[in-house]
Amino acid sequence: MTSATSTMVAAAAKTAVTAGAGRTGRRGRRPFLADAGVTVARASEVVRPGLLDPAAARHLHEPQGSPVLVSSRITYTLDATPVVSDHATILGSMMEIRTERAATGLSLTWGATS
């Protein structure tokens with residue numbers, strides 16, 4: 001379970017939309033951006049450990065101070081314009097990070113615990 005807040009900027013329309021706390025749907029943000037004529041090129045994300053704050057604890061029905069992972073992600077267009085700023089709080093008990101390491105690269109995936 002996550003609590004997420006996103007700020008989306010449709011560069012072509014020069015408008016901003018803020019989505020309040022809620023779970024990100026399976027379709028994600030790309031359909032919204034594509035509908036606004038925005039092409040996504042890449043995203044940069046940082047995930048850090050944290051503790052559940054009072055507001056997120058109420059939203060997620062979990063004890064305040066529970067271990068969480070806090071994600072901050074910025075999505076960019078082809079010309080490096082930032083168009084989405086996502087911030088998510090993910091319960092530590094529900095997150096799993098998997099890596100496959102090789103001499104030539106690294107594959108990292110994360111999602112719900114199995």
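1. **Surface patch.** A patch here is built from residues with over 30% relative accessible area and no salt bridge, with nonpolar side chains joined within 5 Å. In this predicted model, Val47, Ile97, Leu106, Leu108 and Trp110 make a nonpolar surface patch of about 470 Å². Strand β7, residues 105–112, gives the most to the patch, with 3 residues.

2. **Leu106.** This patch member lies in strand β7. Is Leu106 exposed or buried? Leu106 counts as exposed because its relative accessibility is 54%, and the cut-off for exposed is over 50%. In soluble globular proteins, nonpolar side chains tend to be buried together.

3. **Main core.** The largest nonpolar core has 6 residues: Leu52, Ala56, Ala57, Leu60, Val68 and Leu91. Helix α2, residues 54–60, gives the most to this core, with 3 residues. Ala57, one of the core residues, touches Leu52, Glu62, Pro63 and Gln64, leaving aside residues up to four places away in sequence.

4. **Second core.** A separate core has 5 residues. Among them are Leu33, Val38, Val40 and Val83.

5. **Confidence.** The protein chain averages a pLDDT of 76, and 73% of the residues score at least 70. Which element has the lowest mean pLDDT? That is strand β2, residues 15–22, with a mean of 37. Strand β3, residues 40–51, has the highest, at 91.

6. Over residues 8–26, pLDDT stays under 50. For these residues the model has 38 contacts beyond four places in sequence. Strand β2, residues 15–22, has a mean pLDDT of 37.

Note on methods. Residues numbered from 1 in each chain as written. Predicted model: local features only at pLDDT ≥ 70, side-chain atom pairs only at ≥ 80, totals over all residues. Heavy atoms only, no water. Patch = residues over 30% accessible without salt bridge, like charges linked within 9 Å, V, L, I, M, F, W, Y side chains within 5 Å. Areas by Shrake-Rupley, 256 points an atom, 1.4 Å probe, with all protein chains shown as cover. Salt bridge = Lys/Arg side-chain N within 4 Å of Asp/Glu carboxyl O. Helix = DSSP H or I, 4+ residues; strand = E, 2+ residues; numbered from the N terminus. Buried < 20%, exposed > 50% of the residue type's maximum accessible area, 1.4 Å probe, protein only. Core = buried A, V, L, I, M, F, W, Y, C linked by side-chain atoms within 4.5 Å. Contact = heavy atoms within 4.5 Å. pLDDT = per-residue confidence, 0-100.
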